[in-house]
Amino acid sequence: MQSGQIMVGAHEGIYVIKLIGDVRLNLCTSFDNFIDSMFQHDDFNDVVFDLHGAKGVDSTTLGLMAKIAIRALERGCEKPLVLTTDQGIHHLLDAMGFDALIEVSEEHRDYAAEPEPLKCKTPDECAAREKVLEAHRVLMSMNEHNAETFRDLVHTLERECDPLDSPSTRMH
């Protein structure tokens, strides 16, 4: 499977986020930094996720997509659009309750934005853990099913992130 890549572009306030290949948590810190900068632009108006080239999207990436959708809706924007013909991805989005946050279409659209590869830095372990934790908390906030699914993972990550609860601290 092709390793993942995130491409981003914008035109007149419409941001296009194109996921290609198998998009995994190793891209999460750079993707999250992009999200923060995207919402700092006064012209932000809408976002389109083009998943036509995606072969796999992990839960951390889904959590960051949910974060974008929630922030866009909070700003009064329309639901973000997800473009995909992959039935597995479509089923995954349905199963996780994304229908409340996004619209899904099988269309292939041309958009004025010309996405370019997001410059991704290799995250340090602590930063990656924090982003994974944040992304899964967003997924848990979406519905009870997600809360149950990710509860143990989030509790484990919270314990690992708490320096007072680390094994070396407890020994002393």
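Which residues are linked with Asp 32 in a network of salt bridges? Select Asp 32, Lys 67, Lys 131 and Glu 134 together: these four make up the network. Keep in mind as you explore that this is a predicted model.

Why might such side chains join up? Side chains of opposite charge can pair when their charged atoms come close. The model holds 12 salt bridges in total, so let's visit a few more, a salt bridge being a Lys or Arg side-chain nitrogen within 4 Å of an Asp or Glu carboxyl oxygen.

**Stop two.** Now pick Arg 24 and Asp 22, whose side chains meet in a salt bridge of 3.0 Å, N to O. Is Asp 22 buried or exposed? Asp 22 is buried, with a relative accessible area of 16%, while Arg 24 is partly exposed at 40%.

**Stop three.** Move on to Glu 144 and Arg 151, which form a salt bridge of 3.7 Å, N to O. Glu 144 is exposed at 56%, and Arg 151 is partly exposed at 28%.

**Last stop.** Select helix α3 (residues 87-95) and go to its start, where a side-chain oxygen of Asp 86 comes to within 2.8 Å of the backbone nitrogen of Gly 88. Following α3 you will find Gly 97, which has a positive phi, near 85°.

Methods. Residues numbered from 1 in each chain as written. Predicted model: local features only at pLDDT ≥ 70, side-chain atom pairs only at ≥ 80, totals over all residues. Heavy atoms only, no water. Polar contact = N/O pair within 3.5 Å; in protein donor to acceptor, adjacent residues only side chain to side chain. Helix = DSSP H or I, 4+ residues; strand = E, 2+ residues; numbered from the N terminus. Buried < 20%, exposed > 50% of the residue type's maximum accessible area, 1.4 Å probe, protein only.
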